[in-house]
Amino acid sequence: MSALSIAAGSARGWVLPLALLALWEAAVGAGWVGANLLPPPSELVHTLYALATDGVLLGHIGISSLRVLAGFAIGASLALLVGAAVGLSRQAEAYLDPTFQALRAIPSLAWVPLLLLWLGIDEAPKITLIAIGAFFPVYLNFVAGIQNVDRKLVEVGGIFGLQGRALVTRIFLPATLPNLFTGLRSGLSLAWMFLVAAELIAATRGLGYLLTDGRETARADLVIVAIVVLALLGKLSDGVLQRAERRLLAWRDVFDGRAA
Amino acid sequence: MSQPLLQLQVEEKRFRTHRVIDRVALDIRAGETVSLVGPSGCGKSTLLRIVAGLETDYAGRVLVKGAAPQLHSPDVGFIFQEPRLLPWLSVADNVGFDAGRHGGRHPRVRELLAEVGLAAFADAWPKQLSGGMAQRAAIARGLFAQPALLLLDEPFSAVDAFTRMRLQDLLLSVAAHHGTTLLLVTHDIDEAVYLSDRVVVMNGAPGRIAGEVAVPQPRPRDRRDPALARAEAEVLTLLDGGRQEHLDTAADIAAAPPPAAAPVDGSAPGFLARAASRASVPA
């Protein structure tokens, strides 16, 4: 595919959003929709610029990103530990898996009141909630990945005398990597979701707080700007994982999305 | 040679209550190439897995270089029916897997890849190889640890006939170069006779040795050599003498009503008429 046709391909993706933006601007300009309910894109750019220049937005982004990072790191690490134990040991599976399957059935937002009671309204309950959100996708995909490792490849490890840790790191871990990445990516997107939930409920800083603030001061432009920024951050952080995935999983023999 | 490289006496091997091997004894001297042929289910692959140390639950006594077989013995290499390359390692790292992480950097890897004609593919992923190339890489991996005895479980059954002939010649030359003793299991009588000094014929079930055919022809051999054809005939005789249980469904087929010539398209009487006249021709 030539560079030109790639450019044309991605240009096509911009047609619909740009048309919608133009329609939006025109609709508000013509007075069909109230500008206080749906501020036009030009005003949003203005708001974004104002927030960005006085440093407020950067502060919100920073604190929210830190919370996601911390919660995701904790949740994913725990999921790796528990998942490895459950995936590799029948004993551990028999003891642990039913409990985690039961915990998974709890809608994660139901934890919020309890977390607030136990941990106060500081950072701890927010990060814990995000960690819970990130835990389950990573755990489930990791366990499924381990349990689906090709018996024939494990046998190859056996022929070469691999046991215990060597067998895990040289056969199981690489074989599980595709599933692990699927889990990490959905875990990360859930982490952003739970961040918003946590910050909507009790926060004085962060993008979720910006959403609440916009609602309370009847400033739809703040709300929409916060939404856009959240979308960008989610996409950006997923992009990092996606690039790592592409690099680490170049060996995969998969359909590349184009029919030959 | 005072002591055979492999001394195998398996009294019995059971899978649950099912007996798959019944009193099989086989000795292999260093430098020999021996094939095990027999119908599927005669226990020949199981025998190979016992020698490789993959099966430990059997009654009998097996000695490789005078010691009981164990997994990852430096004396024994194993090549599977499929290449079973690890897809996340480059071809070179697969060949040098035994040397640990980054085993592909081991100098012997380059030599072996050159011997199997894959020197240009050292850094390729396994997914980029054809079936025959992947199996060549697997042969190189099997030889990496320089085993005295290389076990092959139907190594060429998954490749086409032309590739198979090339791989057979490759295997012979590489094994001769390294002085490796070969024990291979195959369904292919051609292959067994062409490759081997001795063809051990098994029948089942439970698996027993029906007999042995020596193939003394020197190498390189000509595939058209009538002596090889005669050896094949001997192997076939031994197989038939074992009274294989054929899956005979002729009676069921005769009893079943003939398939109705269902009109696919009623508007084409010409087609139906042709089909009917063809059906009436005795086969």
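Start with the lining of the largest pocket: by class it holds nine nonpolar, five polar and four charged residues. Here Ala, Val, Leu, Ile, Met, Phe, Trp, Tyr, Cys and Pro count as nonpolar, Asp, Glu, Lys and Arg as charged, and the others, Gly among them, as polar. You're looking at a predicted model, where local features need pLDDT of at least 70, side-chain atom pairs count only at pLDDT 80 or more, and totals for chains, interfaces and linings use all residues. Residues are numbered from 1 along each chain as its sequence is written, chains are lettered from A and ligands numbered from 1 in the order in which they are written, and side-chain values use heavy atoms, with hydrogens and water left out.

To find the centre of that pocket, select A:Pro174, B:Trp88, B:Leu89, B:Asp93 and B:Arg101, which lie nearest it among 18 lining residues. A pocket is an open set of points on a 1 Å grid over the protein atoms alone, where a 1.4 Å probe fits, with protein on both sides within 12 Å along at least five of seven lines; lining residues have an atom within 4 Å of a point. The space comes to about 430 Å³, a volume being what probe spheres set on the points fill. Now colour α8 (164–201) and α10 (220–248) of chain A, the elements that give two or more residues to this lining. With five residues, α8(A) supplies the largest share. Helices are DSSP runs (H or I, at least four residues), and strands are E runs of at least two.

Next stop, the second largest pocket, with about 350 Å³ of space. Pick A:Leu153, A:Trp251, B:Leu85, B:Pro87 and B:Trp88, which lie nearest the centre of a 19-residue lining. That lining divides into 11 nonpolar, three polar and five charged residues.

Now go inside, to the largest nonpolar core: among its 91 residues, B:Leu6, B:Leu8, B:Leu151 and B:Leu183 touch the most other members. Such a core joins buried Ala, Val, Leu, Ile, Met, Phe, Trp, Tyr and Cys residues through side-chain atoms within 4.5 Å, and buried means under 20% relative accessible area (1.4 Å probe, protein chains only). The largest share, 14 residues, is from α8(A). Zoom in on B:Leu151 and show its contacts (heavy atoms within 4.5 Å): leaving out residues up to four places away in sequence, they include B:Leu48, B:Phe78 and B:Leu183. Another core, of 47 residues, lies apart, with B:Ala92 and B:Val109 among them.

Finally, show chain B by itself: it has nine helices and nine strands, and 46% of its 283 residues count as buried.

Note on methods: Buried means under 20% relative accessible area, exposed over 50%, partly exposed in between (1.4 Å probe, protein chains only).
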